Amino acid sequence: MTNAGAKGSGSTVRCQRCGRENPPGLRFCQDCGQRLSHAPPPAAPTPARGLVELAEYANRNAPSPQALPPQPIPEGGAAPATTACADCGTPNPIGARFCVACGKPVNTAMLPAIQPGAAAAPGTPAPARALPARTPPAPRPEDAAAYLQPRGAPQPNPSAAAIAYCWRCRGANTGQPFCQFCGARLDSPENSPGAQGREQPAAGRLVVIAQDGTPGRDYALAHEQTDIGREEGTILLPSDPYVSPRHARILLREGRIFVRDLSSVNGVYVRIRAAERLQHADLVLMGLEVLRFEVVSDAEKGLGPATENGTRVFGSPALPRYARLSQRTVEGVSRDVFYLCRDESVIGRESGDVVFTNDPFMSRRHAVFARDPVSNAFWLHDLGSSNGTYLAIRGERELIHGDYLRIGQHLFRLDVEMGGARS
């Protein structure tokens, strides 16, 4: 039978790619592994790139027939006539470089299949027999990827995908020496088996303060780093919607304690103990009010009398503007704006320059914004209020024993332990 899709003579089938004459019934060329077509194609097809490159790569790296070592002659003198494919087990003629059934390269590592029959003289191959047609198995992507991998390319490391849980924040990490959440070294002795539950001597504790001022649950600061968040960290506050997934970090460094804001949405507030110098865009918390402090620009300070159609506008007397307080709301917008026009502006619930009569957590005279006339710098003072005045930190701030932190709706007090006893 002559192959209609390839040029040939007699009953042989010529490969359209390399010109090799192949016996009838073969599906792949014995030299190049090209599939032999039995029907004339309507047009010259473009073969799949991956399979062509696979065949080319194997063809370049497969040993030539002359370089193949002589096949061992089994006991009894019968010479091997075929070589079994290591992938599908199909016998292949000696010298064939690709399996006639599945197209995989045939190499010297494959086991020879002995052709049954009488023994022949050494070096005399037995006549090849016709092979039954069979459907080749579909190529596996992992096999193609292995053949197409460049020489010397790094192989994937199965252990690199293993999950390592950080000893400090319990975050899940894969393939890196440092925790992607808190920066702790994952090969630290504290991360070894048996050390996960071992707690270091605590340098302090964060005590939750209830709304009535009574202490509640406390958290030991047992490591160099303790993260606080709604979803991630050592201290989890899952029921507080105002806490970011990873909100703040407590650091122990050279016997000192620091708090750092991790770019949270609502910030970290620390209760002030003495006068604090204010910067533009600082956030102040007193009672239930969050006030944004802003220094007035020179252009806004220089506003003069307004006129309309040549007539001066009548209104309240003009006052100097040094700074302003914008009331921040849970709606994400500012509601009221209060200008600071004096050297001292008092904020309170009953008396002062700015009064919030409906805030039950604000003291009668709560705090004062004081201006230095010489430097035009502003300072924030607490006037002995019951619930304190809080300032949002910028970056990192040192804490001392007795400091209060406001994170979301949670109020914490820091208790520092010295010499094994709580101070």
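Select Arg-249 and Asp-227: their side chains are joined by a polar contact of 2.7 Å. The model on screen is a predicted one. Arg-249 belongs to strand β12, which covers residues 248-253. Is Arg-249 buried or exposed? With a relative accessibility of 10%, Arg-249 counts as buried, because the cut-off for buried is under 20%.

**The open sheet**

Next, display the sheet that contains β12. Its 5 strands follow the order β11-β10-β12-β13-β27, and the sheet is open with mixed pairing. Which strands stand at the edges? They are β11 (235-236) and β27 (396-399); each has a single partner strand, so one side of each has no neighbour in the sheet.

Now select residues 225-229, which make up strand β10. Strands β10 and β11 run parallel and are joined by 2 bridges. To see where they face each other, pick Ile-228, which stands opposite Ile-235 in β11.

**Aromatic pairs**

Turn to the aromatic rings, where the count comes to 4 aromatic pairs. Select Phe-293 and Phe-369 for one of them: the ring centres are 6.3 Å apart and the planes are at 5°, so this pair is stacked. Phe-293 is in strand β17 (residues 289-295) and Phe-369 in strand β24 (residues 367-371). The two residues are 76 residues apart, and their pair links distant parts of the chain. Both Phe-293 and Phe-369 are buried.

Another pair to select is Phe-338 with Phe-356. Here the centres lie 5.8 Å apart with the planes at 80°, so the pair is edge-to-face. Phe-338 is in strand β21 (residues 334-340), while Phe-356 is in the loop between β23 (354-355) and β24, so the pair ties together parts 18 residues apart in sequence. Phe-356 has a relative accessible area of 9% and is buried.

**Charges over rings**

Which ring does the charged end of Arg-253 sit over? Select Phe-258: the charged end of Arg-253 is over its ring, 4.3 Å from the centre. For the last stop, select Arg-371 and Tyr-322. The charged end of Arg-371 sits over the ring of Tyr-322, at 3.8 Å from the ring centre.

Technical notes: Residues are numbered from 1 along each chain as its sequence is written. This is a predicted model: local features need pLDDT of at least 70, side-chain atom pairs count only at pLDDT 80 or more; totals for chains, interfaces and linings use all residues. Side-chain values use heavy atoms; hydrogens and water are left out. Helices (H or I, at least four residues) and strands (E, at least two) are DSSP runs, numbered from the N terminus. Buried means under 20% relative accessible area, exposed over 50%, partly exposed in between (1.4 Å probe, protein chains only). A polar contact is a pair of N or O atoms within 3.5 Å; within protein, one must be able to donate a hydrogen and the other to accept it, and residues adjacent in sequence count only if both atoms are side-chain atoms. Two strands pair if DSSP finds at least two bridges between them. Rings of Phe, Tyr and Trp (its six-membered ring) pair if their centres lie within 6.5 Å; planes under 30 degrees apart count as stacked, over 60 as edge-to-face and the rest as tilted. A charge sits over a ring if NZ of Lys or CZ of Arg is within 6 Å of the ring centre and within 35 degrees of the ring normal.
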